[in-house]
Amino acid sequence: MGKIKVTVWNEYLHEVEVPEIGEIYPEGIHNCIGNFLKEAGMDVKTATLRMPEHGLTEEVLNDTDVLVWWGHMAHNQVEDEIVDRVYKRVMDGMGLIVLHSGHASKIFSKVCGTDTGLLRWREDGDKEILWVVDPSHPIVDGLDEKIIIPSEETYGEHFCIPKPDDLVFISWFEGGEVFRSGCCYYRGKGKVFYFRPGHETFPIYHQSEIQKVITNAVKWAAPIKFPELTYGNTKPIVEIKK
Ligand code: ZN
């Protein structure tokens, strides 16, 4: 098998506008993620909101096996046409990894069919413990039974998502909240993984276990070989004797 082709998409506004965040991610969150995926042997491109067509042209998407998505303050600036284009590629087999505040993105809501923007949140820098609740899942390969993040933004239930096809992580936070932090969905030929950690004011994507989860998720979400799907009015497959 050739290298997995990954496109890391980032809004890329916080890192430019807030110096403290720029210090954590001097090259932007997209390059931080892109760099560890490259080290894992993947073929990586990056794309950002302000690029023409948000960097997600037909050409780029057709050459992408897995798209990683980080967005927060500008979900509504993502053009519907581009969201539809990404969705179509997911149905056709492109993997999609939605990170942290991408829960409220147009693409994740479209994939889920619910208002995924609804959840509880607080910014108190709580400790977070992500517990693996599916120890057979490829996304937890090589990990321990739990991941401890010293300081993170808190998300809490209820999270307005459809019941995940695979639930991989549940988070506990110091303030008592719990949250479904690792959720898999199967859509058409595509695989989708939502992974909660990654608030921009903490160095979450520098943490090795978090990098391991995202790397595993990209491998899991990479497309398999399968013919194009057939929909609509069709002739019988076997001859019907009347
Ligand atoms: Zn956040």
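Ser101 has a relative accessibility of 3% and therefore counts as buried, a term that here means under 20% relative accessible area, with exposed meaning over 50% and partly exposed in between (1.4 Å probe, protein chains only). The model is predicted: local features need pLDDT of at least 70, side-chain atom pairs count only at pLDDT 80 or more, and totals for chains, interfaces and linings use all residues. Residues are numbered from 1 along each chain as its sequence is written, and side-chain values use heavy atoms, with hydrogens and water left out.

Ser101 is placed in the loop between S4 and H6; helices (H or I, at least four residues) and strands (E, at least two) are DSSP runs, numbered from the N terminus. Apart from its neighbours within four places in sequence, Ser101 is in contact with Trp70, Gly71, His72, His75 and Tyr155, where contact means heavy atoms within 4.5 Å.

The zinc ion is coordinated at 2.0 to 2.1 Å by His100 (NE2), Glu153 (OE) and His199 (ND1). Donors are N, O and S atoms within 2.8 Å of the metal (3.2 Å for Na, K and Ca); water is not among the atoms, so sites may look incomplete. Along the chain, the donors follow the spacing H-x52-E-x45-H. His100 lies in the loop between strand S4 (95-99) and helix H6 (106-112), and Glu153 in strand S6 (residues 146-156), so the pair ties together parts that are 53 residues apart in sequence. Both His100 and Glu153 are buried.

**Glu15**

Glu15 belongs to helix H1 (residues 14-17). With a relative accessible area of 7%, Glu15 is buried. Not counting residues up to four places away in sequence, Glu15 touches Asn10, Ile21, Gly22, Tyr25, Gly28 and Ile29. The C-alpha atoms of Glu15 and Glu200 are separated by 8.1 Å, although these residues are 185 residues apart along the chain.

**Side-chain to backbone pairs**

The table lists polar contacts, that is, pairs of N or O atoms within 3.5 Å; within protein, one must be able to donate a hydrogen and the other to accept it, and residues adjacent in sequence count only if both atoms are side-chain atoms.

| Side chain | Backbone atom | Distance |
|---|---|---|
| Ser101 | oxygen of Gly71 | 2.8 Å |
| Glu15 | nitrogen of Ile29 | 2.8 Å |

**Trp131**

Trp131 is found in strand S5 (residues 120-132). At 36% relative accessibility, Trp131 counts as partly exposed.
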